Amino acid sequence: MAEPHTVAVVGMGYVGSCVAATLAERGLSVFGVDTDADLVSRLNRGTTPIAEPGLADLIANGVRSGRLRATTDQDAAADADAVLLTVATPVRPDGSLDDDHLRSACATLGRSLRAGQLVILKSTVPPGTTRDLVRPLLESSGLRAGTDFALAFAPERLAEGTALHDLRTLPIVVGGIDPHSTRVAADFLHSALGATPLPQESLEAAEIVKLADNWWIDLNIALANELAMFCDLYGVDVLDVISAANSIPKGNGHVNILRPSVGVGGSCLTKDPWMVWQSARRHGLEITTAPVGREVNQRMPGYTAQLILDDLDTRRVPPSEATVAVLGLAFKNDTGDLRATPTRAVVEALLTAGVRVRIHDPLVDPVRARELFGLPVTATAEEAVRDAHCVALLAMHQDFAALDFARLPVAESCLVLDGRAYLPKEGIAMLERLGYTYRGVGR
């Protein structure tokens, strides 16, 4: 096939928007396809609801240059040389893939697919999905994958907060339905994004790579979280232990224990291990580490809330008379993403105990936050912490670095609960000199 110059990105959520904006920046003609008319309208005005550093400028520049546009016309992908599928792929309560969005997008694309097109699925899916679900739907066009059009899987492996940099620098895993599809997709992605391709021998190998990444990350965080609880039994700072433990060489690198926190959130780590578990069960294999990691990380919000409640009990402050200010609602530092945020479960546990809770986060959509938490978002951190018995730092955005704890209007006796700030020892000592009590996860 000829070198693609026009690209359709089907699904303009977080991944799709980052990919489309980056491709447009690199000179390709890109149109995003999405069923959300309001989102499409915003994109065509050069704006985005996604709070990813640098993304708003890229989208504005792309629209201004004419290289980026959006549409609700699901058949528009027929005009593209390459089609990237970046639709949502959530899981059902039993861990199986909810393929409604993917099935709909592929069925629509199958009605208008042209010979010579390149189709790349980027959404995270269980192994075999590209071959057994995507391929037949696309072949309803009468064309054959690997013969009439190229079909490949190339997972996104972005981290929120660094997504645009990741797109340009992380190696691109890609596996095709046949060697020709692998080569065509790898060449396109290398040319379009500038990153190094990592060709795989099959679609399934590429699909498993993404699951392996997130399986490892979630399980590693679970180790860090249980290590934190273990360290707490002995009054040991878990960050000191992790730093020392990570100094030993192992394999091709070093031991690399990640950091504990209030919990794991976002759209990937909370579901991808369940994809692994469910996919294995369908083939008669019982995977144990994936659900164990999920169980550990899912209980961290309750553990974090109990740290606060235990501190109130030590100070003889009844929960019904206590106020807790939660600063940072997103699932990760320096993002406004509320998807599967563990902070919600912390707030729910505190409210159930009778505590008065105020919430503040300068990066989140306040309307969405109110819907999710059932509480209004206070306009300022100072308003949130007024007379608070605890300031819970559950997402340590850069905006909070300027907080002057000496001037905060908190209660006379106040706990600083560090859920994801990882304050240095000198910062902890400063808080204690000011009269605060400090507790962290494993600290």
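Trainee: Why does Arg 281 count as partly exposed?

Mentor: The model is predicted, and accessibility is read as a percentage. Partly exposed lies between buried, under 20%, and exposed, over 50%. Arg 281 has a relative accessibility of 41%, so it counts as partly exposed. Glu 286, at 47%, is partly exposed as well.

Trainee: Which residue does Glu 286 meet in a salt bridge?

Mentor: Side chains of opposite charge can pair when their charged atoms come close. Here the partner of Glu 286 is Arg 281, with 3.2 Å from N to O. Salt bridges can also share partners: Asp 237, Asp 240, Asp 418, Lys 425 and Arg 443 are joined in this way into one network.

Trainee: How many salt bridges does the structure hold?

Mentor: There are 21. One of them is between Arg 168 and Glu 25, at 2.7 Å from N to O. That bridge links distant parts of the chain, since Arg 168 belongs to helix H6 and Glu 25 to helix H1, 143 residues apart. Arg 168 has a relative accessible area of 29% and is partly exposed; Glu 25 is partly exposed too, at 40%.

Trainee: How many aromatic pairs does a search of the whole structure find?

Mentor: It finds three. To read such a pair, take the distance between ring centres and the angle between planes; an angle over 60 degrees counts as edge-to-face. The rings of Phe 230 and Tyr 234 have centres 5.5 Å apart and planes at 70°, so this pair is edge-to-face. Phe 230 is partly exposed at 47%, while Tyr 234 is exposed at 57%. Another pair is Phe 405 with Tyr 436: the centres are 5.6 Å apart and the planes stand at 90°, so it is also edge-to-face. Phe 405 is buried at 11%, and Tyr 436 is buried at 7%.

Trainee: Which residues form a nonpolar patch on the surface?

Mentor: Phe 230, Leu 233, Tyr 234 and Val 236 form it, with about 450 Å² of accessible area together. Tyr 234 lies in the loop between helix H8 (203–233) and helix H9 (238–245).

Trainee: What sits over the ring of Tyr 422?

Mentor: A ring can have a charged group over its face. Here the charged end of Arg 259 takes that place, 3.8 Å from the ring centre.

Trainee: What do the buried residues of H3 pack against?

Mentor: In H3 (residues 55–65) the buried residues are Leu 55, Leu 58, Ile 59, Ala 60 and Gly 62. They pack against helices H1, H2 and H6 and strand E3. After H3 comes Gly 66, with a positive phi near 85°.

Trainee: Where is Val 173 found, and why does it count as buried?

Mentor: Val 173 is in strand E7 (residues 172–176). Its relative accessibility is 2%, so it counts as buried. Beyond its neighbours within four places in sequence, Val 173 contacts residues including Phe 153, Pro 155, Leu 198 and Val 209.

Note on methods. Residues numbered from 1 in each chain as written. Predicted model: local features only at pLDDT ≥ 70, side-chain atom pairs only at ≥ 80, totals over all residues. Heavy atoms only, no water. Patch = residues over 30% accessible without salt bridge, like charges linked within 9 Å, V, L, I, M, F, W, Y side chains within 5 Å. Areas by Shrake-Rupley, 256 points an atom, 1.4 Å probe, with all protein chains shown as cover. Salt bridge = Lys/Arg side-chain N within 4 Å of Asp/Glu carboxyl O. Helix = DSSP H or I, 4+ residues; strand = E, 2+ residues; numbered from the N terminus. Phe/Tyr/Trp six-rings, centres within 6.5 Å; stacked < 30°, edge-to-face > 60°. Buried < 20%, exposed > 50% of the residue type's maximum accessible area, 1.4 Å probe, protein only. Lys NZ or Arg CZ within 6 Å of the ring centre and 35° of its normal. Contact = heavy atoms within 4.5 Å.
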